[in-house]
Amino acid sequence: SDVCSSDLLILITVAALALNGCAVIDYYRMAKWDNNEYMIVNEIRTEAQFGVTKCASRLDVLPYVDYTYRKTVELNNYSGNIPRNEEATKMASELLAIVKGMKDRYASGEEVSQKYCELKFNSIDTNTSTIQRALGAKPR
C-alpha cells in the first residue's frame, strides 16, 4: 500500500511537471513583445477616439476614416509576418474587417448617419483596447 502511494505520488508529480512544462514551452514559442505592433494598435485606437468627435460632419470625419483604415492595413500586414503570432494576426484581421466596412460605407457615397459613425469608431476603440491587452501580455 505504501509502495502504491509513493508510485501514485510520483506519477502525479511527473504529470504536473509535464503540464507545466507544456505551458512554459508554449510561453516561449509565442511571439515576443513587439513595440512596433503595440504602437500601431495604439495609433489606431487614438485615431478612433479623435474620429468619433468628428462624426457630425462627413467632411471632417473622412480623414480619420482614411487614416484609421490605412493604419489597420499596416497592422494587418505587420502582424501577419511575425512568426508564431497567430492570435494577434487573427485580431488584426477582424479589426480590419470592421474598419474596412466603415471605409467602404463612406466610399459608397451613401448617406452615413452620425450614430453609425459613432458606433463604428467606438467599436474600433473597444477592439483595439482588447488587442492592446493581448499584446501587452506577451513575454518581453
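User: Contact means heavy atoms within 4.5 Å. Leaving aside neighbours within four places in sequence, what is Tyr69 in contact with?

Analyst: Tyr69 is in contact with Leu96, Val99, Lys100 and Lys103, its neighbours within four places in sequence being left aside. This is a predicted model, in which local features need pLDDT of at least 70 and side-chain atom pairs count only at pLDDT 80 or more, while totals for chains, interfaces and linings use all residues. Residues are numbered from 1 along each chain as its sequence is written, and side-chain values use heavy atoms, with hydrogens and water left out.

User: Where does Tyr69 lie?

Analyst: Tyr69 lies in helix H3. Helices (H or I, at least four residues) and strands (E, at least two) are DSSP runs, numbered from the N terminus. The C-alpha atom of Tyr69 is separated by 6.9 Å from that of Lys103, although the two residues are 34 apart along the chain.

User: Turning to the largest nonpolar core, which residues touch the most other members?

Analyst: That core has 23 residues, and Val61, Leu75, Leu95, Met102, Tyr106, Phe121 and Ile124 touch the most other members. Helices H2 (35-51), H3 (58-79), H4 (86-107) and H5 (114-136) each supply at least two residues of this core. H4 gives the most, with eight residues. A nonpolar core is a set of buried Ala, Val, Leu, Ile, Met, Phe, Trp, Tyr and Cys residues joined through side-chain atoms within 4.5 Å. In soluble globular proteins, nonpolar side chains tend to be buried together.

User: What does Val61 touch, not counting residues up to four places away in sequence?

Analyst: Val61 touches Gly51, Lys54, Cys55, Tyr106, Cys117 and Phe121. Two of these, Cys55 and Cys117, are joined by a disulfide, with S to S at 2.0 Å.

User: How many disulfides does the structure hold?

Analyst: The structure holds one disulfide, defined as a pair of cysteine sulfur atoms within 2.5 Å. Cys55 lies in the loop between H2 and H3 and Cys117 in helix H5, so the pair ties together parts that are 62 residues apart in sequence. Both cysteines, Cys55 and Cys117, are buried.

User: Left-handed or right-handed, that disulfide?

Analyst: The torsion about the S-S bond of Cys55 and Cys117 is about -70°, so this disulfide is left-handed.

User: On to salt bridges. How many are there?

Analyst: The count comes to eight salt bridges, each a side-chain nitrogen of Lys or Arg within 4 Å of a carboxyl oxygen of Asp or Glu. One of them joins the side chains of Arg45 and Asp125 (2.7 Å, N to O). This pair links distant parts of the chain, with Arg45 in helix H2 and Asp125 in helix H5, 80 residues apart. Arg45 is partly exposed, with a relative accessible area of 24%, whereas Asp125 counts as buried at 18% relative accessibility.

User: Where do Lys90 and Glu94 lie?

Analyst: Both Lys90 and Glu94 lie in helix H4, four residues apart, which is about one turn of the helix. Their side chains meet in a salt bridge (3.3 Å, N to O). Lys90 is exposed, with a relative accessible area of 54%; Glu94 is partly exposed, with 42%.

User: Which residues are linked in a network of salt bridges?

Analyst: Glu43, Lys71 and Glu74 are linked in such a network.

User: What does Glu110 form a salt bridge with?

Analyst: Glu110 forms a salt bridge with Arg105, the closest N and O atoms being 4.0 Å apart. Arg105 also lies over the face of Tyr116, at 4.5 Å from the ring centre. A charge sits over a ring if NZ of Lys or CZ of Arg is within 6 Å of the ring centre and within 35 degrees of the ring normal.

User: Last one: where is Gln132, and what is its relative accessible area?

Analyst: Gln132 is placed in helix H5 and is buried, with a relative accessible area of 7%. Leaving aside neighbours within four places in sequence, Gln132 is in contact with Tyr38, Val41, Asn42 and Arg45.

How values were computed. Buried means under 20% relative accessible area, exposed over 50%, partly exposed in between (1.4 Å probe, protein chains only).
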